[in-house]
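Trainee: I am new to this structure and would like to learn how to read it. Could we begin with the whole chain and then turn to details?

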Amino acid sequence: MAMLNREIMNAVSDIIMNRPLPIREVDQIYMKAGDLALQSFFIGQRFRDLDVVFIGDGDAVALSTMYLFHCDLLDVAPKSIHLLDFDERIVNSVIRFADKYRFTNRISASLYNVIDPLPSTHQRRYDAFYTNPPWGASNEGESVKAFVERGIQATRDHNAQGAIVIGDDPALVWTQEVLHVIQEASLGEDFIVSEMVPAVHNYHLDDAPHLRSCNCLVRRARQRTGTYSSEALSPDRYARFYGRNNPLRIRYIREELSLNVGRAVDQTYKLEFLEGKS
């Protein structure tokens, strides 16, 4: 892994300044600067020259990876990245930043919530997926499964890969149980774990500052055959989606317009609730 020099960290600081403020209610907990830089190198290497879809990305790993590559600070990177996120602030921050620095040919973003069927334009289209979902501490990994399912649905029928970032601390039983659940769910979709990088990322998490996450890399072991459909999540999967007593009830986080042109709007937003969930 490349040593993090001043030029790299200054570029990553540009990305961090562009991130909208996290909303804890929907489990937006951002990766720290050094780990964001290292993760960008990791993803650049693992997904070199691939078309990649990100299912959510508050950390801004997608933007950081492509920006470092654009600045000649990263030797290799995905061929392209498309981000799907339900936070309009994040989607627009990617679009604006890539437009400002002129690498829109390598990265794009659009609004999407995992509760909805994956749009047909994104099904079976990508070589790889990446997700760092709500970690499932209070829902037996159900929230993680939802994001992973969408990532798998977005990948091609053969030679597909994925990177799943989830909590990993052997001292916390729930993290190991969720890891087990996700590995079982991946096997059910004919994906196997190809690599595991344990306890590698740190976060801005006040109530658990030492909790880390791992990189769980998976790959398709069998070619997908036949037809399949992408279905909406059933309501019974909404409970405790973002933690105890915190169900999935928000469809989109909408960006409120401001005069802060060229940077992410970080102080104003509104929540657009699911029907009957306000």
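Mentor: Begin with the surface. This is a predicted model, and its protein chain has an accessible surface of about 13,100 Å², with 49% of that belonging to carbon and sulfur atoms.

Trainee: How many helices and strands does the protein chain have?

Mentor: The chain has 6 helices and 9 strands. Its C-alpha atoms fill a box of roughly 45 × 40 × 40 Å along the principal axes.

Trainee: What does the radius of gyration say about the protein chain?

Mentor: It is read against the value for a compact globule. For 278 residues that value would be near 19 Å, and the protein chain has 18 Å, so the two agree. As for burial, 51% of the 278 residues count as buried.

Trainee: Which share of the contacts joins residues at least 24 apart?

Mentor: Take the contacts between residues at least 6 apart in sequence: 76% of them join residues at least 24 apart.

Trainee: How far apart are the mean positions of the positive and negative charges?

Mentor: There are 31 positive and 37 negative charges in the protein chain, and their mean positions are 2 Å apart.

Trainee: How many disulfides does a search of the whole structure find?

Mentor: The general idea comes before the count. A disulfide is a covalent bond between the sulfur atoms of two cysteines. Here the search finds 0 disulfides.

Trainee: Is Cys214 buried or exposed?

Mentor: Cys214 counts as buried, because its relative accessibility is 0%. Cys71, at 28%, counts as partly exposed.

Trainee: Now a single helix. Which residues of α3 are buried?

Mentor: An α-helix has 3.6 residues a turn, so residues three or four places apart point the same way. In this case α3 is mostly covered, with 8 of its 10 residues buried. Those buried are Val61, Ala62, Leu63, Ser64, Thr65, Met66, Tyr67 and Leu68.

Trainee: What is Thr65 in contact with, beyond its neighbours within four places in sequence?

Mentor: Thr65 lies in α3, which covers residues 61–70, and is buried at 0% relative accessible area. With those neighbours left aside, its contacts are Ser40, Ile43, Gly44, Leu74, Ala77 and Pro78.

Trainee: Which residue just after α3 takes a positive phi?

Mentor: That residue is Asp72, with a phi of about 65 degrees.

Conventions. Residues are numbered from 1 along each chain as its sequence is written. This is a predicted model: local features need pLDDT of at least 70, side-chain atom pairs count only at pLDDT 80 or more; totals for chains, interfaces and linings use all residues. Side-chain values use heavy atoms; hydrogens and water are left out. Helices (H or I, at least four residues) and strands (E, at least two) are DSSP runs, numbered from the N terminus. The radius of gyration is taken over C-alpha atoms; the globule rule is 2.2 Å times the number of residues to the power 0.38. Buried means under 20% relative accessible area, exposed over 50%, partly exposed in between (1.4 Å probe, protein chains only). Contact means heavy atoms within 4.5 Å. Accessible areas come from the Shrake-Rupley method with a 1.4 Å probe; for residues, only the protein chains shown count as cover. Lys and Arg count as positive and Asp and Glu as negative; His and the chain ends are not counted. The place of a charge is taken as NZ of Lys, CZ of Arg, CG of Asp or CD of Glu. A disulfide is a pair of cysteine sulfur atoms within 2.5 Å.
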